[in-house]
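Here are my notes on the model you sent over, point by point. Have it open on your screen as you read.

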Amino acid sequence: MDSLENASREVAALSAQLRHHAHLYYVLDQPTLPDAEYDKLFQRLQALEAAYPELRTADSPTQRVGGAVREGFVKVRHRVPMLSIRTETDITEEGARAFDARIRRELGLSADAPPIDYVCELKFDGLAINLRYEHGVLVQAATRGDGEVGEDVTQNVRTQRQIPLRLHGETLPPVVEVRGEVYMRRDQFDALNERQREKIAAGQKNEKVFVNPRNAAAGAVRQLDPAIAASRPLSFFAYGLGEVSPPEQGGPDCATQFDWLQQFLAWGFPVAAQTQRASGADALVAFHLAMGAQRDALPYDIDGVVYKVDSVALQRQLGFVSREPRWAVAHKYPAQEQLTQVLAIEVQVGRTGKLTPVAKLAPVFVGGVTVTNATLHNEDEARRKDVRVGDTVIVRRAGDVIPEVVGVVPESAARPPEARGPVFTMPTHCPVCGSDAVREEGEANHRCTGGLFCAAQRKEAILHFAARRAVDIDGLGDKLVEQLVDAQLIRTLPDLYKLGFTTLAGLERMADKSAANLIEALEKSKETTLPRFLFGLGIRNVGESTAKDLARHFGTLDAIMDASEEQLIEVNDVGPIVAKSLRTFFDQPHNREVVEQLRACGLRWEEGEPAVRAPRPLAGKTFVITGTLPTMGRDDAKEQLEAAGAKVAGSVSKKTDFLVAGADAGSKLDKAQALGVAVIDEARMREILENGL
Ligand SMILES: NC(=O)c1ccc[n+]([C@@H]2O[C@H](COP(=O)([O-])OP(=O)(O)OC[C@H]3O[C@@H](n4cnc5c(N)ncnc54)[C@H](O)[C@@H]3O)[C@@H](O)[C@H]2O)c1
Ligand SMILES: [Zn+2]
């Protein structure tokens, strides 16, 4: 055993560390350590305090709940303290058995006494909240805080639809406090982070990406701006009770936890459908196993299950110890975040050409599986997190989503630069096919531009080319493409037209008849049109209607392939981004080769003369229309301006050349005046349309 002196030193060090991390987690919603690592420190402190009770102080992290109130919030003193829950350290089925045994012992039950009834619930990974209703109306929402004093977050919580502002039902208690977990669904978390990444890519420096749904939810609830809270979709599950009017004063008379949950449902709260009554230890074990198997498929994170003694009378008898009730316990699952080391950073190319930096990791067990790869999403993310080879990182794997690197552990990031790998940079060429890799303006992702040639994009390119709206190869679907590419029968599009009957008929699950049909469909697809062919090439940002516009404007494929960006922009609806996509695509020699080979295979279409173009006197000018014009409808005006080559935008900016203002023009007029944009009326606009500028 450690000597008292050593133990005392370790207790002090652990307490300081735990306090630091608890502050980051509870107060700032920005943990830098995985929960599993925090829990190890916590359990080590608990063990030391158990061995040396004289070292346990009243303010030890083991004796307190959560964190302090964040500055800017009004404090709320809880009428009934909001406690924590003891965690069974053993995550095998022994955890459940140990809890049942402890309860029976504490109740003084003999071995042959009947089993105890429990309620089994999910342990949602979110933020606990106390909702106070007076005569059925929500009057206050508060966070747990340190258990005694929390934060008033009523304004933020009121924006969330899953929380009733008024309880359902006729006879409502004068006072009831319903407690539960505010959480964010995983799909909404991913969507939120995707939006955040886009905002960051667009240059919004104050935005951040959230490390996990719990922190995103906590951050949304503990927001000083209710408008931001409202824009973050949150969900809620009710599971507990705070203050409530006694039955003789109009409160409900519920004898069990299960009855309370039914009451919450009747009042209009969500209660998790998985919640179950269970009798005895075996039933607890069965629930733990069943939910463990379902965990990945749930739409939200859980970090375990909670067992609660069902009878309220027994709960009272069992009572509390310091920060935890004796009648409930959390029984966890393998953590969804763990520490590991980065061995290398590679760049992978997806089916649509997206380049993704991926960290190769020392194998680590996370969320129930061994993980060796984790995504870094894109260049900005990899740099923002500053992940380098050799770093210790937090890896998160939740549900069926791809594991991701959440961040570098601060101590690891603080190592001298020479001890760490170089800063990550995106390659300038596709690691699979060598074509240029480009990142479009305002885009977060790099893409390979060798769409027709790149092995990573083969399947997608073929499917797109064969689609009904492209050259239309009847019968060439997902499965078949998969089969043909995997058997290496097709590398690039022209290979399609070299497929022979014997090869096709020899494929697994391919009848002679289907093979013959496919050959016929391929033959038929050769007779196509320029827009279909162009659309079929799968050039980024070139959809069906753009393909039509391009064909009409230029008449021939060669003219399109050779057009400069300036010439391309002259086409209706082709802006700088589309022009650039076209240019980059046709600048890849590999792509051009494929186009030539396709022509050599016999693909043909009627080529035309370039369309005779109306004069475009207003080309390059941007107009904005506002207010009610005296004689023309706004759509009409827009059409005429566009026909003359002008661009008509929805809002005024420095790039606006003219604001056409009608009656009751509002903020756009103010803005135009502030920016010094020329303001004209309908009459002047007509004049410009007729005579030019
Ligand atoms: N990463 C870090 O740096 C760091 C720091 C501090 C704490 N933590 C983590 O916080 C947790 C400890 O926090 P805690 O003491 O609040 O305990 P806890 O979060 O493990 O358990 C109590 C909480 O469980 C929640 N809960 C979810 N479902 C419930 C249900 N059905 N019934 C009742 N409660 C339910 C409630 O919010 C309640 O407040 C640990 O997981 C720890 O790892 C992490
Ligand atoms: Zn490529």
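1. Let's start with a helix pair: α3 passes α9 in a right-handed crossing. Keep in mind throughout that this is a predicted model. Helix α3 covers residues 94–106 and helix α9 covers 280–294; they pack at an angle of about 150°, and their axes are 9 Å apart.

2. Who touches whom there? On the α3 side you'll find Ala96, Arg97 and Asp100, while α9 brings Gly280, Ala281, Leu284, Val285 and His288 to the contact. Sorted by class, the contact of α3 with α9 has four nonpolar, two polar and two charged residues.

3. Now the other helix pair I looked at, α13 (residues 458–466) with α14 (residues 478–486). The crossing of α13 and α14 is right-handed.

4. Which residues of α13 and α14 meet? Arg458, Lys459, Ile462 and Leu463 come from α13, and they face Asp478, Val481, Glu482 and Val485 from α14. Split by class, that contact holds four nonpolar and four charged residues, with no polar ones.

5. On to the sheet. Four strands form an open sheet in the order β22-β21-β23-β24, and the pairing is parallel. The edge positions go to β22 (647–649) and β24 (678–680); each has a single partner strand, so one side of each has no neighbour in the sheet. On average, and ignoring direction, neighbouring strands here are turned by 30° against each other.

6. For a closer look inside the sheet, take β21 (residues 622–626) and β23 (residues 658–661), which pair in the parallel sense over four bridges. Val624 has Leu659 in β23 as its bridge partner. Helix α24 (residues 634–643) packs on this sheet and touches β21, β22 and β23, with its direction at about 170° to that of β21.

7. Last, the ligand. How many residues surround ligand 1? There are 24, and the closest are Tyr25, Asp35, Ser84, Glu121 and Ala128. Elements giving two or more residues to the shell are α1 (4–27), α2 (35–51), β3 (117–124) and β8 (235–244). Helix α1 supplies the largest share, four residues. By class, the shell around ligand 1 has 13 nonpolar, five polar and six charged residues.

Methods:
Residues numbered from 1 in each chain as written. Chains lettered and ligands numbered in written order. Predicted model: local features only at pLDDT ≥ 70, side-chain atom pairs only at ≥ 80, totals over all residues. Pairing = 2+ DSSP bridges. Axes fitted to C-alpha atoms, helices over the stretch in contact; angles between N-to-C directions. Contact = placed C-beta atoms within 7 Å. Left-handed = near helix turned anticlockwise from the far one by under 90°. Nonpolar A, V, L, I, M, F, W, Y, C, P; charged D, E, K, R; others polar. Near = placed C-beta within 6 Å.
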